[in-house]
Amino acid sequence: MTRFRFWGHASLPVLGIAVAGMLVDQAFKAWMLYGFDIAARGRVALTPFLDLVMVWNYGISYGLFQQEADLGRWLLVGVTLVVAALFWVWGSHATRKMQVVGFALVIAGALGNGIDRIVHGAVADFFHFHVGSFSWYVFNLADVWIVAGVAALLYDSFLGGPNDAAKSPSE
């Protein structure tokens, strides 16, 4: 019988990367909101395809599941905490560096956006990619961490051998 363990051999690196990512995300958001004051400045063109803007996202990625009521907001906070805890347990027992980084980045992004929901009631998004009339969604550094973490985990899944998924951590 496998025993549930909340702490594993990879816990410290996962914790370090997750905390660092979350702090960078929150520091950038604080600077954009209060130092740079993006809301007062409006759209700031950085390049012909990238602008800084201020968008409050009351949902999840790509603006899905918009939740303007408090119940929806707190449900999203709860889901965020559950997902972060599951990725923590999984990541703390990761066996490869790419897995450690992937899990940590997803945790960092999830918690960074979760803090926004708790503090502001919505997630602060700033980066807007666009090409011609095509406009991609607006996102933040936490979203970058989540996408990079998922990409790392997918990449790692293709690096392993065909029987890696069937092996237990003790093998």
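This report covers the fold, the nonpolar cores and the salt bridges of one predicted protein model.

## Basis

The model is predicted: local features need pLDDT of at least 70, side-chain atom pairs count only at pLDDT 80 or more, and totals for chains, interfaces and linings use all residues. Residues are numbered from 1 along each chain as its sequence is written, and side-chain values use heavy atoms, without hydrogens or water.

## Fold

The protein chain has five helices and four strands. Both are DSSP runs numbered from the N terminus: helices are H or I with at least four residues, strands are E with at least two. From the N terminus, the order is α-α-β-β-α-α-β-β-α.

Helix H4 has 24 residues and should span 34 Å at 1.5 Å a residue; its end C-alpha atoms are 34 Å apart, which agrees. The expected span is 1.5 Å times one less than the number of residues. Just after H4, Gly121 takes a positive phi of about 85°.

## Burial and cores

Of the 171 residues in the protein chain, 41% are buried. Buried means under 20% relative accessible area, exposed over 50%, and partly exposed in between (1.4 Å probe, protein chains only).

The largest nonpolar core has 15 residues. Such a core is a set of buried Ala, Val, Leu, Ile, Met, Phe, Trp, Tyr and Cys residues joined through side-chain atoms within 4.5 Å. Those with the most contacts inside the largest core include Met32, Phe36, Leu52 and Trp145. H1 (11-35), S2 (50-57), H4 (97-120), S3 (123-131), S4 (134-139) and H5 (141-159) each supply at least two of its residues. S3 gives the most, with three. Leaving aside neighbours within four places in sequence, Leu52 is in contact (heavy atoms within 4.5 Å) with residues including Phe36, Arg43 and Phe127. A second, separate core of 13 residues includes Val14, Ala18, Val89 and Ala104.

## Salt bridges

The structure holds four salt bridges. Each is a side-chain nitrogen of Lys or Arg within 4 Å of a carboxyl oxygen of Asp or Glu. Asp25, Lys29 and Asp116 form a network. Lys29 meets Asp25 at 2.9 Å, N to O. These two are four residues apart in H1, so about one helical turn separates them. Asp116 pairs with Lys29 at 2.8 Å between the closest N and O atoms. Asp116 lies in H4 and Lys29 in H1, so this pair ties together parts 87 residues apart in sequence. Both Asp116 and Lys29 are buried.

Asp156 also pairs with Arg96, with closest N and O atoms 2.9 Å apart. Asp156 lies in H5 and Arg96 in the loop between H3 (70-92) and H4, so parts 60 residues apart in sequence are tied together. Asp156 counts as buried at 4% relative accessibility, whereas Arg96, at 30%, counts as partly exposed.
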